[in-house]
Structures are given as structure tokens and as C-alpha cells.
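Here is a short report on one protein chain. Look at the model first, then read on.

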Amino acid sequence: MILKYLRAFCACALLCLALNPASAQPHRILTINDFQGAPRANGRGVIAYTNCTIDFKYQASRNNGQYLVHANVRLFMNNYRSWIDRSQITSAEQLAEILKHEQGHYTIAYLEQQEVLRAIERTRFSANYQNETMNIFNRIDAKYKQLNSDYDEDTQHMVNRQQQRSWDIYFAKRLQYMPDENASL
């Protein structure tokens, strides 16, 4: 019922940054104010859509014949592309359930961001670092696109409450055991 797919994954690579350690922002809880876009009519009963972007920038430095990639991997909640059809909300409880389901899509994007960040930090690259870096991003991006698809399929866009609870537990455990943001590996 809720949200077709999170189209959260864009790579804006090969842009240079000043040499900074990898950085990311903390996970956060979505609110109704995060959904400022205009609802889109569709025949599938979707009444909410979450749109996030992962902005991926890096710069490489050479060190003893290897390349270190210094990355900035940012997650943006695109408020004006994300929407909830408020005309279909009949209670505060329904809104809370919708927000919780949409939180799952945001959390998937956040988990992707964190995995990209940590994979880049762990890797020593060759002179072919541009391709190696994009291969890492593309591999992780494909994994989380599939996870996002599985999430909506399993929960039937939140309609299957038992599966939604299972996913909520999964997300809570993943977040609980996630290393601190910007933790060095």
C-alpha cells in the first residue's frame, strides 16, 4: 500500500574534496515535515514515497605505491520529492504506521551510506582507483536496492503488519550494532 520503491541511490563521483577524513551524518527519525512533495496519483494504492540521495565524493592520495581514497558520503532526504498523500490519512495511528514504514526506507539508505563509507575506508587502491571506487559503490548500491525491494515486497508496503514488525526489529538491531559515525576502521 505504501511506497513503491525508494529511489535513493545516486552517485555523484569523481568530484574533488579537500583532503578530509571520511564523514557522514547521524541517523535520524523522519517526521511528517520531511514529506513536502506533491502526492502522485497512481493505481497501486501508494500513499507515501520517500526519496533519498547518496552524494559520494572523494579524492585520492598516493602513499607508498598505493592510493588512499578520502571519501565524503552524504545522505540527503529529498523533502520536496518525498510525499505523503494526507487526504488518505484517517488517523494519527495510521500516520504513525506510515511514517514507521517510510523510516525503513530511509534506514536502508542510511545503512548503504555507512557501508560505502566503511568499505572505502578499509580499501587500499591501485592507480585504477576511479574504477575500483565506483565498483565498490555499485556493488553496495545493488545490494541495498535489492534490500529495499525485498522490504516493500515482504511488508506488502506495510500492509503485512507481522512482516513490518520483523523488519522494524531487523533495522533496530542493525542500528544498535552499527559503529559510531565516522569511526575509524
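## Two helices crossing

Helix H2 passes helix H3 in a left-handed crossing. Their axes lie 8 Å apart, and the packing angle is about 145 degrees. On the H2 side, the contact is made by Tyr 144, Leu 147, Asp 150, Tyr 151, Asp 154 and Thr 155. On the H3 side, Gln 163, Gln 164, Trp 167, Tyr 170, Phe 171 and Arg 174 take part.

This is a predicted model. Keep that in mind for every value below.

## The chain as a whole

The chain holds 3 helices and 4 strands. Read from the N terminus, the order is β-β-β-β-α-α-α.

How much of the chain is buried? Of its 185 residues, 45% count as buried. The exposed surface comes to about 9,700 Å². Carbon and sulfur atoms supply 50% of that area. Residues 24 or more positions apart account for 82% of them.

## Helix H1 and its partner

H1 runs over residues 92–122, and H3 over residues 161–176. H1 has 31 residues. From first C-alpha to last, H1 reaches 44 Å, close to the 45 Å expected at 1.5 Å a residue. H1 is mostly covered, with 23 of its 31 residues buried.

Two packed helices are described by the angle between their axes and the distance between the axes. For H1 and H3, the angle is about 40 degrees and the axes are 11 Å apart. That angle makes H1 oblique to H3. H1 passes H3 in a left-handed crossing. H1 brings Glu 97, Lys 100, His 101, Gly 104, Thr 107, Ile 108, Tyr 110 and Leu 111 to the contact. H3 brings Arg 161, Gln 164, Asp 168, Phe 171, Arg 174 and Leu 175.

## Helix H2 and what follows

What span should H2 have at 1.5 Å a residue? The 27 residues of H2, residues 129–155, should span 39 Å. The end C-alpha atoms of H2 are 39 Å apart, which agrees.

After H2 comes Gln 156, whose phi is positive, near 50 degrees. Met 158 lies in the loop between H2 and H3. Met 158 is not a glycine, yet its phi is positive, about 90 degrees. Met 158 counts as buried because its relative accessibility is 2%, under the 20% cut-off.

## Around strand S3

Asn 64 sits in the loop between strand S2 (52–63) and S3. Asn 64 also has a positive phi, about 50 degrees, although it is not a glycine. Is Asn 64 buried or exposed? Asn 64 is exposed, with a relative accessible area of 78%.

Gln 66 lies in strand S3. Gln 66 is partly exposed, at a relative accessible area of 40%. Leave out residues up to four places away in sequence, and Gln 66 touches Ser 61, Arg 124 and Phe 125. Ser 126 is 60 residues from Gln 66 along the chain, but their C-alpha atoms are separated by 5.4 Å.

## A buried loop residue

Ser 82 lies in the loop between strand S3 (66–77) and strand S4 (83–84). Why does Ser 82 count as buried? Its relative accessibility is 0%, so Ser 82 falls under the 20% limit.

Which residues touch Ser 82? Leaving aside neighbours within four places in sequence, Ser 82 contacts Asp 34, Phe 35, Gln 36, Gly 37, Tyr 49, Thr 50, Asn 51 and Met 77.

Key: Residues numbered from 1 in each chain as written. Predicted model: local features only at pLDDT ≥ 70, side-chain atom pairs only at ≥ 80, totals over all residues. Heavy atoms only, no water. Buried < 20%, exposed > 50% of the residue type's maximum accessible area, 1.4 Å probe, protein only. Contact = heavy atoms within 4.5 Å. Expected span 1.5 Å × (residues − 1). Areas by Shrake-Rupley, 256 points an atom, 1.4 Å probe, with all protein chains shown as cover. Axes fitted to C-alpha atoms, helices over the stretch in contact; angles between N-to-C directions. Parallel < 35°, antiparallel > 145°, perpendicular 65-115°, else oblique. Left-handed = near helix turned anticlockwise from the far one by under 90°.
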